[in-house]
Amino acid sequence: MTQNSSAALTGGPSETAASPTPGRPAGETRSPWRRKAAAYWSLTKPRVIELLLVTTLPTMIFAQRGFPDFWLVLATMVGGAFAAGSAGAFNCYIDRDMDRLMNRTKKRPLVTGELTPREAFVFASLLGAAALAILWIGANPLAAGLGAAAMFFYVVIYTLILKRRTEQNIIWGGLAGCFPVLIAWAAVRETVEWPALVLFFIIFLWTPPHYWPLSMKYRTDYQTAHVPMLGAVATAKTVSVQVVLYAWATVVCSLLLVPMGWAGITYTAFAAVAGGWFLYECHILHRQAQRESLTDKKAMKVFHLSIMYLTLLFVGLALDPFIGAPLMG
């Protein structure tokens, strides 16, 4: 990890209550406690939490083959959200020197001075402890253990070890984002079975074609911060080939639930149609990259489409137990 400046160590200059919150129109102010609450909320990376929760509830429904107990769902969702928020907060704490250099992250609360590093570290620690307690009491020890593994993978393996050292960082670091489906499955069935592992690898394979188009747009940011993200260190032609290969692997993996005897016509239809759409757009990105006509707009279209693809896939997963029966087995 690169060495922080003295300003980074102290969290940067504090803002007065009368100064506008970063990113808000000039002259618009909020009370100190609301600004502080918004800063803590931002520290958790709420958009990432939303995406993780999109995979949690459908997995629980699929594992139960119906609606699980309400309190179990609530504990798993809240515990999972807290675990993801804790990992995100630790990530912001560790990467605050890097975040100062990137336009995409320069408004994060540790850069603007809304929060000090000490506040962020304490908040992340308390949120992580609460996550494990909720999962342990509200679900079971296995779910709590998987939650701890997810946080460890994101904070230690990805943020501390891989992110600044290898262009393959997001591949292995993305494993942390795969754990919510294992946590969800374990919460319902108190074990981890093959269908849960298939869901795990779907997200694992989906992460590169999801994130690399984004890194292509922000390649200058990553180069400035000396982060060897593939989209920043390789040509668009090379990245586009990897995007297509991983997209195909994702779609093929998503269909494995059918011969395993778990998926019915609803999930199969969602996986096939959404997967076909995803592959089509990835191939367009590849073709444009090979012709050297790829634009940031097209790269971001694939990035946003990848989120839609995963959402549709898990919507199909949630509906599948209620419509039809497994096609095989």
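Accessible areas in these legends come from the Shrake-Rupley method with a 1.4 Å probe, and for residues only the protein chains shown count as cover. The structure is a predicted model, in which local features need pLDDT of at least 70 and side-chain atom pairs count only at pLDDT 80 or more, while totals for chains, interfaces and linings use all residues. Residues are numbered from 1 along each chain as its sequence is written, and side-chain values use heavy atoms, with hydrogens and water left out.

**Figure 1. Overview of the protein chain.** Along the principal axes, the C-alpha atoms fill a box of roughly 65 × 55 × 35 Å. Of the 329 residues, 52% count as buried (buried means under 20% relative accessible area, exposed over 50%, partly exposed in between; 1.4 Å probe, protein chains only). Among contacts (heavy atoms within 4.5 Å) with a separation of 6 or more, 75% join residues 24 or more positions apart.

Figure 2. Phe67, Val315, Leu319, Phe322 and Ile323 form a nonpolar patch on the surface, with about 480 Å² of accessible area together. Ile323 is located in the segment after helix 16 (296-319) and is partly exposed, at 43% relative accessibility. Thr266, in helix 15 (residues 265-290), is buried with a relative accessible area of 10%. Apart from neighbours within four places in sequence, Thr266 contacts Gly316, Leu319, Asp320 and Ile323.

Figure 3. The whole structure contains 15 aromatic pairs. Rings of Phe, Tyr and Trp (its six-membered ring) pair if their centres lie within 6.5 Å; planes under 30 degrees apart count as stacked, over 60 as edge-to-face and the rest as tilted. The Tyr154 and Tyr158 rings, with centres 5.5 Å apart and planes at 35°, are therefore a tilted pair. Both residues lie in helix 8 (residues 141-162), 4 residues apart, about one turn of the helix. The Trp212 and Tyr246 rings have centres 5.7 Å apart and planes at 80°, so this pair is edge-to-face. Because Trp212 belongs to helix 11 (residues 194-217) and Tyr246 to helix 14 (residues 236-254), the pair ties together parts 34 residues apart in sequence. Trp212 is buried at 0% relative accessible area, and Tyr246 is buried at 19%. Phe153, Phe179, Phe200, Phe201 and Phe204 form one aromatic cluster.

**Figure 4. Lys298 in helix 16.** Lys298 lies in helix 16 and is buried, with a relative accessible area of 8%. Not counting residues up to four places away in sequence, Lys298 touches Glu281, Ile284, Leu285 and Gln288. The C-alpha atoms of Lys298 and Pro259 are separated by 35 Å, and the two residues are 39 apart along the chain.

Conventions. Patch = residues over 30% accessible without salt bridge, like charges linked within 9 Å, V, L, I, M, F, W, Y side chains within 5 Å. Salt bridge = Lys/Arg side-chain N within 4 Å of Asp/Glu carboxyl O. Helix = DSSP H or I, 4+ residues; strand = E, 2+ residues; numbered from the N terminus.
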